[in-house]
Amino acid sequence: MSQYRHEWKHEISLSDRLALRQRLRAVAEPDEHARNGQYFIRSLYFDNLAGKALREKLDGVDRREKFRIRYYDGDTSLIHLEKKSKRSGLGSKTAVPLTAEEAQSILDGSWDWMPGSGRALVLELYSKIRSQGLLPRTIVDYTREAFVYAPGNVRVTLDYDIRTGLHCTDFLNPDCVTIPAGNAPAILEVKWDAYLPAVIRDAVQLPGRRSAAFSKYAACRIYG
């Protein structure tokens, strides 16, 4: 069972991002997977024709979930199917690997292999494709800078340059055209387990900023 963690999200400006980067470099470690301090993320989110996942997010439904497929820095040799869940303000993530061929078959509607994949999350997605009509809906691209702090199992991310694929769901095609997601801001996210150490709490303080429920998926879905 995946562990539920505390989450903060704040919409931030460019000057906030530059200040946070300097503070976090002084107290936390950069994500070991980052190249030159950052990496590129491409995600493909699933929803049904009624926009169930989008509607539940916008309505603030207490218990909700969404599925996505994701890879990093254009490297399709390592793709993950992920389920993000929210409950009582806490968040969790479950993930399993997919091959590029498996990911493409899901996009193509070739699902017969999924029940026998031996991966519970793949089976769950298959079940909800069949029962809820989940379909690939929106590509979301962005750049991330990430920092970790071992006490409290803290992870802090700065996400920016959020882009949408509009109606393009050609997830594995590097030439799939994306455009900026309107006036989507940069986002500070802080995640931790039982407690948030004071050194990190102090580092991410921004005068006049309040916790926000910003969703990159929702920001990109408003275009289609």
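Me: How many aromatic pairs does a search of the whole structure find?
Reply: The search of this predicted model gives 4 aromatic pairs. One of them is formed by Y39 and Y72.

Me: How is a pair of aromatic rings described?
Reply: Two quantities are used, namely the distance of the centres and the angle of the planes.

Me: What are those values for Y39 and Y72?
Reply: The centres are 5.6 Å apart and the planes stand at 70° to each other. This arrangement is edge-to-face.

Me: Which strands do Y39 and Y72 lie in?
Reply: Y39 belongs to strand β3, residues 39-47, and Y72 belongs to strand β4, residues 64-72. The two residues are 33 apart in sequence, so their pair ties together separate parts of the chain.

Me: Is Y39 buried or exposed?
Reply: Y39 is buried, as its relative accessible area is 6%. Y72, by contrast, is partly exposed at 25% relative accessibility.

Me: And what about Y71 and F171, how are their rings placed?
Reply: Their centres lie 4.8 Å apart with the planes at 75°, so this pair is also edge-to-face. Y71 is in strand β4, whereas F171 is in the loop between β8 (154-164) and β9 (179-180). The pair therefore links distant parts of the chain, 100 residues apart. Both Y71 and F171 are buried.

Me: New topic: which ring does the charged end of R17 sit over?
Reply: The charged end of R17 is placed over the ring of Y160, at 3.6 Å from the ring centre.

Me: Where does K216 lie?
Reply: K216 is over the face of Y142, and the distance to the ring centre is 4.7 Å.

Me: Back to β4. How many bridges join β4 to strand β5?
Reply: There are 8 bridges between β4 and strand β5, residues 75-87, and the two strands run antiparallel. Within this pairing, I69 has L81 in β5 as its bridge partner.

Me: What lies in the turn between β4 and β5?
Reply: The two strands form a hairpin with 2 residues between them. D73, in the turn, has a positive phi of about 50°.

Me: In which sense do β5 and β6 pair?
Reply: β5 and strand β6, residues 90-98, pair in the antiparallel sense over 9 bridges. The bridge partner of R87 in β6 is L90.

Me: Which residue in the turn between β5 and β6 has a positive phi?
Reply: That residue is S88, with a phi of about 55°. β5 and β6 form a hairpin as well, with 2 residues between them.

Terms used. Residues numbered from 1 in each chain as written. Predicted model: local features only at pLDDT ≥ 70, side-chain atom pairs only at ≥ 80, totals over all residues. Heavy atoms only, no water. Phe/Tyr/Trp six-rings, centres within 6.5 Å; stacked < 30°, edge-to-face > 60°. Helix = DSSP H or I, 4+ residues; strand = E, 2+ residues; numbered from the N terminus. Buried < 20%, exposed > 50% of the residue type's maximum accessible area, 1.4 Å probe, protein only. Lys NZ or Arg CZ within 6 Å of the ring centre and 35° of its normal. Pairing = 2+ DSSP bridges.
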